[in-house]
Amino acid sequence: MTTVLYYLPPSPPCRSVLLLAKMIGVELELKVLNVAEGEQLKPNFVELNPQHCIPTLDDHGLVLWESRVILSYLVSAYGKDENLYPKDFRSRAIVDQRLHFDLGTLYQRVVDYYFPTIQLGAHLDLTKKAKLAEALGWFEAMLKQFHWSAANHFTIADIALCVTVSQIEAFQFDLLPYPKVRAWLQKCKDELEPHGYKEINETGAETLAGLFRSKLKQ
């Protein structure tokens, strides 16, 4: 049996899993699910994941979804050292906090602002733009604490947040008011460059941004 990832290349959560797998040398059998065509609703996939969302990982019968959970599992199971996800419970708590901030606040506000246009062709809501700017301001403040987002070394929180912020950048949201975010993002790009950053993340971010711009013109 192999470790299987059900995914869609432009999906930001899927991209974060692919980047980590590349970084730690985990071989994945990739199975594309075209959610636009409802492939995630096929009975065999719903049986595997009743929530029928991507990414979904099947690691020899252990089935997980929610990308940040997959990140923590993969690095715990297959990581070569603890730097990416520290074992010290206080250090790990900071990484977890940043992952939850990404999931529940920063990435959620990206979804709230951009995805109604991508999925439904809706007009942009400026109140949601202000909420996204607010979340970026909070992240800017967080970056004063460490050299990276959650520690003085690179962690899985940086992977998840880098994918989110690089997508914001691809959407051409103004990042000039956030100098620490911009400097951190460039460090993340440099760190991930040997691990397929352009192929996995930059290409996916531009694909999603292109879809957004096409819907914006309609």
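These are my notebook entries on a few places I looked up in this structure.

**Basis.** The model is predicted: local features need pLDDT of at least 70, side-chain atom pairs count only at pLDDT 80 or more, and totals for chains, interfaces and linings use all residues. Residues are numbered from 1 along each chain as its sequence is written, and side-chain values use heavy atoms, with hydrogens and water left out.

**Loop between α2 and β3.** I looked up the peptide bond from I54 to P55 and noted that it is cis, with omega near 0 degrees. P55 lies in the loop between α2 (43-48) and β3 (56-59); helices (H or I, at least four residues) and strands (E, at least two) are DSSP runs, numbered from the N terminus. H52 is also in the loop between α2 and β3. Its phi is near 40 degrees, a positive value in a residue other than glycine.

**E66.** I found E66 in the loop between β4 (62-65) and α3 (67-78). Phi of E66 is near 75 degrees, a positive value in a residue other than glycine. E66 counts as partly exposed, because its relative accessibility is 35%.

**L143.** I placed L143 in the loop between α5 (126-142) and α6 (156-170). L143 is buried, because its relative accessible area is 8%. The C-alpha atoms of L143 and W184 are separated by 8.0 Å, and the two residues are 41 residues apart along the chain.

How values were computed: Buried means under 20% relative accessible area, exposed over 50%, partly exposed in between (1.4 Å probe, protein chains only).
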